[in-house]
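Please keep the sequence and the structure in view while reading.

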Amino acid sequence: MSETTNTSEEKKKTPLNGRRALPPNNSNDEENEVPEMEAFGLMPRGFNPKDYLHVVDIHMFKDPHEINKQQHHTDKYYSPKLIVRRGQPFQIQIDFNRPYKPDTDQFWLEYLIGRYPQQNKGTYIPILVGDVLKPGEWGAKITHKENNSVRLSIMSSATCIVGKFRLYVAVWTPFGILRTHRNSATDTYILFNPWCQQDAVYLDDEKEREEYVLNDVGIVFHGNINEIKLRSWSYGQFEENILDACLFLMDKAELELSGRGNPIKICRVASAVINSRDDNGVIAGSWDNMYTYGVAPSAWTGSVDILLEYYSSKQPVRYGQCWVFAGVFNTFLRCLGIPARLVTNYSSAHDNNANLQLDFFLDDEGQVDTKLTKDSVWNYHCWNEAWMTRPDLPIGFGGWQVVDGTPQETSDGMYRCGPASVQAIKHGHVCFQFDAPFVYAEVNSDIVYSRREKNGTQVIEKIDTTHIGQLIVTKEVGGDGMMDITDEYKFQEGSAEERLALETAVMYGIKKQTTQDTTYKPQMDVDMDFQVQKAVLGSDFKVTISFRNKSHNYYTVTTYLSGNIVFYTGVTKNEFKKHSFSAKLEPSSSSSFDVVIKSSEYLSDLLDQASFHFFVTARIDETGKILATQKATVLEIPTLRIKTQGEMVAGKEMYVTVEFTNPLKQTLENVTLRLEGPGVLRTMKKEFRQIPANSTLTWEVKCIPKRPGLRKLIASLNCDALRHVYGELNVQIQKP
């Protein structure tokens with residue numbers, strides 16, 4: 001293969017070094033020039049290429065209703081090109097200038113990818129026509145001959161590179177090789193194949209493949225453990241240009257083309273490029289409630305806008321938080337054919353020093369010392385699981401792997417996380433790559449409350465072993481309900497297996513601080529708990545603190561309640577409520593006390609997820625012992641109503657109406673509404689200057705649905721005073 005380089009490329013090229021003969025081949029977008037006539041030597045004077053077999057046309061059977069896209073489950077991709085899955089045969093037809101004579105004519109196919117195609121790297125693939133197709137290996141055979149045409153069945157390797165290949169047909173003549181000219185209409189995308197047993201991402205259940213590969217909408221579970229909330233997310237992996245945008249992400253991450261058949265490598269580099277830290281990746285994270293010059297994380301309704309904006313601007317899209325990173329990552333994985341799901345871990349530990357404990361330091365009064373306390377508990381944290389074999393690990397650690405695109409901590413010097421085997425995390429085998437200790441800590445840490453005495457000794461007041469990783473969930477297969485997958489990550493709390501998994505993790509180097517250097521004398525006399533009343537945003541509510549005195553003594557307890565407005569990551573913005581009281585506890589009895597929280601106390605400072613965090617600490621005056629407990633709570637946020645009018649038929653006009661009533665005692669200003677639905681309408685936006693208190697806004701949109709079937713419309717409303725307002729509607733689009 002010869003090459004020509006144009007001058008603009010010349011500047012960009014990395015200089016050759018003594019170690020490699022060719023520059024790195026890490027762009028699917030770049031091409032080399034392939035000669036149409038490759039002479040073997042001097043050409044004889046009378047040579048006329050027309051005397052030999054000559055390709056007139058190539059048919060790719062690439063329409064959604066034709067055999068290839070139907071058999072390969074790629075008919076939903078909104079793309080005019082051929083898209084097939086690896087390790088499974090597909091058909092093409094070649095028309096020659098005369099009938100093909102197998103005895104004297106010789107032709108073959110060439111698939112090329114990238115700028116420097118090489119056969120040993122799998123980036124140049126010559127395919128001779130044979131008699132049989134071997135499963136999972138490159139090959140071609142003629143299935144039908146008629147007049148000047150031959151029909152070929154082509155098998156791709158079940159381990160081949162995933163990306164966009166260029167196709168050439170080469171014909172042998174005694175004087176040289178004749179090739180078809182470059183024709184982008186014959187470009188072929190090859191994707192992962194969960195339907196193929198030899199593929200590393202093979203998934204054996206058809207219902208699961210329909211959910212984890214082919215479903216283009218999903219559910220994000222958020223809120224907190226006591227108030228689980230859900231919202232829909234449009235993945236849109238089949239929408240126009242999304243496949244190209246996903247391939248561009250691998251170019252951006254500079255993943256060598258020869259590594260792009262390996263789902264482990266793809267997940268690892270993608271977890272870094274989904275966030276903008278250290279590589280100018282797709283989404284810039286922001287957790288500070290200031291979203292100037294960007295879109296608030298809560299306003300996005302799906303991944304398509306984000307990926308297309310990044311693909312065109314090549315600059316990080318502002319802004320995202322964990323569910324946005326996870327939503328876009330899920331689109332990327334499903335688009336390439338890797339089965340994937342979005343997972344939420346409630347009460348997720350962000351442990352800064354990976355010692356399996358979150359340290360909360362109390363002062364003399366028993367209140368939390370915010371200067372010393374560095375660890376935080378996220379109300380929830382979203383990551384992804386991708387399904388694949390792990391030939392790099394011992395048997396038994398394949399299956400679901402945790403991958404996380406949210407930038408929390410660095411791994412091998414970059415903000416990325418995974419793939420980490422869920423099975424390895426459950427059993428404490430955290431020695432197996434990648435980042436298993438960090439994920440293990442997210443779901444297994446203990447919360448330790450400690451206090452420094454006047455003489456400097458550290459006293460541990462309480463160890464809470466059950467608060468972290470209480471519930472891990474994902475959307476159920478084939479429905480919108482919640483599936484509890486906690487037991488895939490951990491054994492039953494307090495069981496022998498759980499203890500063994502912890503000991504294994506400690507053996508493999510997870511630092512678990514022992515309590516030897518500190519004194520820990522838990523008090524058993526009094527139990528304390530509290531409940532937060534469910535409340536709608538803008539209303540008053542109460543917190544009820546209850547004590548159970550199990551001893552035969554009379555006690556007086558001095559109780560502190562601290563109410564904080566927090567980011568969903570558990571980081572405090574400010575304390576809006578301080579309340580202390582003294583309570584008398586009778587022997588062997590229970591008593592409870594109410595504290596009222598008024599809307600005027602919290603409304604001015606509320607953050608976008610309407611999250612509060614309450615700390616209650618109490619000191620028993622008679623013994624000096626301290627009780628401590630904490631809980632997060634979320635207010636009920638009003639929803640959007642979506643309605644449709646007119647008949648809902650593919651290709652015909654219909655109307656969608658979005659309604660919202662402002663529940664606050666104030667006017668909402670600069671409100672943005674977004675509406676999208678894969679296959680029904682492209683994302684639409686509308687700005688409203690003001691919505692007065694208690695008034696209702698109505699927005700009507702006209703659209704022409706493209707695809708029949710059950711579809712979902714998703715809407716969001718966003719303004720500085722109110723975020724995380726969503727609405728959704730399932731619509732059945734009829735065939736025309």
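Cysteine 322 counts as buried because its relative accessibility is 0%; buried means under 20% relative accessible area, exposed over 50%, and partly exposed in between, with a 1.4 Å probe and protein chains only. The model is predicted, so local features need pLDDT of at least 70 and side-chain atom pairs count only at pLDDT 80 or more, while totals for chains, interfaces and linings use all residues. Residues are numbered from 1 along each chain as its sequence is written, and side-chain values use heavy atoms, with hydrogens and water left out.

Cysteine 322 lies in helix 7, which covers residues 322-336. Helices (H or I, at least four residues) and strands (E, at least two) are DSSP runs, numbered from the N terminus. Not counting residues up to four places away in sequence, Cys322 touches Trp287, Trp378, Tyr380, His381, Cys382, Thr406 and Tyr568. Contact here means heavy atoms within 4.5 Å.

The UniProt annotation "active site", from an unreviewed entry, covers Cys322, His381 and Asp404. These residues are spread over 83 residues of sequence but cluster in space, with a largest C-alpha distance of 9.9 Å. UniProt positions are given in the numbering used here, feature names are shortened, and annotations may be inferred rather than shown by experiment.

Aspartate 404 is found in strand 19, residues 399-404. Aspartate 404 counts as buried because its relative accessibility is 2%. Leaving out residues up to four places away in sequence, its contacts are Ser271, Phe329, His381, Cys382, Trp383, Arg416, Cys417 and Glu442. The side chain of aspartate 404 also reaches the backbone nitrogen of threonine 406 at 2.9 Å. Such a polar contact is a pair of N or O atoms within 3.5 Å; within protein, one must be able to donate a hydrogen and the other to accept it, and residues adjacent in sequence count only if both atoms are side-chain atoms.

Back in helix 7 is asparagine 330. Asparagine 330 counts as buried because its relative accessibility is 0%. Apart from residues up to four places away in sequence, Asn330 touches Tyr235, Ala340, Arg341, Leu342 and Asn384.

The buried residues of helix 3 (residues 206-214) are Arg209, Glu211, Tyr212, Val213 and Leu214. What covers them includes helix 7, strand 19 and strand 16 (340-350).

A second annotated group follows. UniProt places the feature "binding site", again from an unreviewed entry, at Asn444, Asp446, Glu493 and Glu498. The four are spread over 55 residues of sequence, yet they cluster in space, with a largest C-alpha distance of 13.6 Å. Asparagine 444 is in helix 9, residues 436-444, and counts as buried because its relative accessible area is 18%. Glutamate 498 is in helix 11, residues 496-507. Leaving aside neighbours within four places in sequence, glutamate 498 is in contact with Phe491, Gln492 and Glu493.

As for the whole, the protein has 12 helices and 41 strands, and its C-alpha trace spans about 115 × 60 × 45 Å along its principal axes. Of its 736 residues, 55% count as buried. Among contacts between residues at least 6 apart in sequence, 68% join residues at least 24 apart.
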